Amino acid sequence: MRTSLNIEARSAGKVRRSCRDVQDVRWRQELPASWSDLAIEPVRFDVFREYEMSAERTIGHDEHDEPCFCACRYILTQLVADEDDLFFEMPVYAETLAAWRLRDRRWLVLRNVVAYAEKARRSLSFSGSMPR
């Protein structure tokens with residue numbers, strides 16, 4: 001049975017949603033195949049969305065309610081004018097991060113950074129704690 005995201009709280013420009021169906025969050029999408037057997041599978045997610053800008057954070061929890069997945073993304077935009085002096089927002093910087101807690105308690109962290117005037121950067125690293 002598919003569960004929808006339910007709004008739990010709204011404060012300071014953020015919306016928190018809770019989701020008990022792992023189908024609603026693509027937590028394995030960026031997980032490198034060579035690490036998939038070592039990642040702990042979430043059973044519940046909290047999704048926090050900023051409604052004043054394009055940003056969100058998702059925290060996945062295991063069966064003991066400990067964080068085992070973390071993902072964030074945000075896009076910064078700049079107001080620009082076209083040839084007809086019509087204004088629109090153009091992305092100038094974007095960052096995504098996905099992190100998985102492994103069975104040995106380390107976190108595997110994948111970070112993608114795109115500054116639109118530069119080449120995109122992608123890095124994979126380990127951390128002793130969940131990225132903040």
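Start by selecting Thr58 and Ala71: Thr58 stands opposite Ala71 in β5. Strands here are DSSP runs of E with at least two residues, and helices are runs of H or I with at least four, both numbered from the N terminus. This is a predicted model, in which local features need pLDDT of at least 70 and side-chain atom pairs count only at pLDDT 80 or more, while totals for chains, interfaces and linings use all residues. Residues are numbered from 1 along each chain as its sequence is written, and side-chain values use heavy atoms, with hydrogens and water left out.

**Stop 1: β4 and its partners**

Now widen the selection to β4 (54-61) and β5 (67-81). These two strands pair in the antiparallel sense over eight bridges; two strands count as paired if DSSP finds at least two bridges between them. Five residues sit between β4 and β5 in their hairpin, and Asp65 in that turn has a positive phi of about 65 degrees.

β3 and β4 run antiparallel and are joined by seven bridges, with Asp46 having Ile59 in β4 as its bridge partner. The hairpin from β3 to β4 passes through three residues.

Why is β4 largely enclosed by the rest of the structure? Six of its eight residues are buried, so the strand is largely enclosed. Buried means under 20% relative accessible area, exposed means over 50%, and partly exposed is in between, using a 1.4 Å probe and protein chains only.

**Stop 2: Glu66**

Click on Glu66, in the loop between β4 and β5. Its relative accessibility is 30%, so Glu66 counts as partly exposed. Leaving aside residues up to four places away in sequence, Glu66 touches Gly60, His61, Arg101 and Arg105, where a contact means heavy atoms within 4.5 Å.

**Stop 3: two loops with a positive phi**

Most residues other than glycine have a negative phi. Select Asp85, which has a positive phi of about 60 degrees although it is not a glycine. Asp85 is found in the loop between β5 and β6. Is Asp85 buried or exposed? At 57% relative accessibility, Asp85 counts as exposed.

Then move to Arg105, in the loop between β6 and β7. Arg105 also is not a glycine, yet has a positive phi of about 80 degrees. With a relative accessible area of 48%, Arg105 is partly exposed.

**Stop 4: β7 and its neighbours**

A hairpin of five residues joins β7 to β8. Seven of the nine residues of β7 are buried, so β7 is largely enclosed by the rest of the structure.

**Stop 5: the largest pocket**

Show the residues Arg26, Gln29, Glu56, Phe69 and Ala71, which lie nearest the centre of the largest pocket among its 21 lining residues. On a 1 Å grid over the protein atoms alone, a pocket is an open set of points where a 1.4 Å probe fits, with protein on both sides within 12 Å along at least five of seven lines; lining residues have an atom within 4 Å of a point. About 440 Å³ of space lies in this pocket, the volume being the space filled by probe spheres set on the points, which are joined across faces, edges and corners.

By class, the lining has eleven nonpolar, four polar and six charged residues. Here Ala, Val, Leu, Ile, Met, Phe, Trp, Tyr, Cys and Pro are nonpolar, Asp, Glu, Lys and Arg are charged, and the others, Gly among them, are polar.

**Last stop: the whole chain**

Zoom out and colour by pLDDT, the predictor's confidence in each residue from 0 to 100. The chain has zero helices and eight strands, and 35% of its 132 residues count as buried. Its mean pLDDT is 83, with 82% of residues reaching 70 or more. Where is confidence lowest and where is it highest? Strand β1 (residues 6-11) is lowest, at a mean of 40, and β8 is highest, at 96. Over residues 1-15, pLDDT stays under 50. Where pLDDT is low, the predicted coordinates should not be read in detail.
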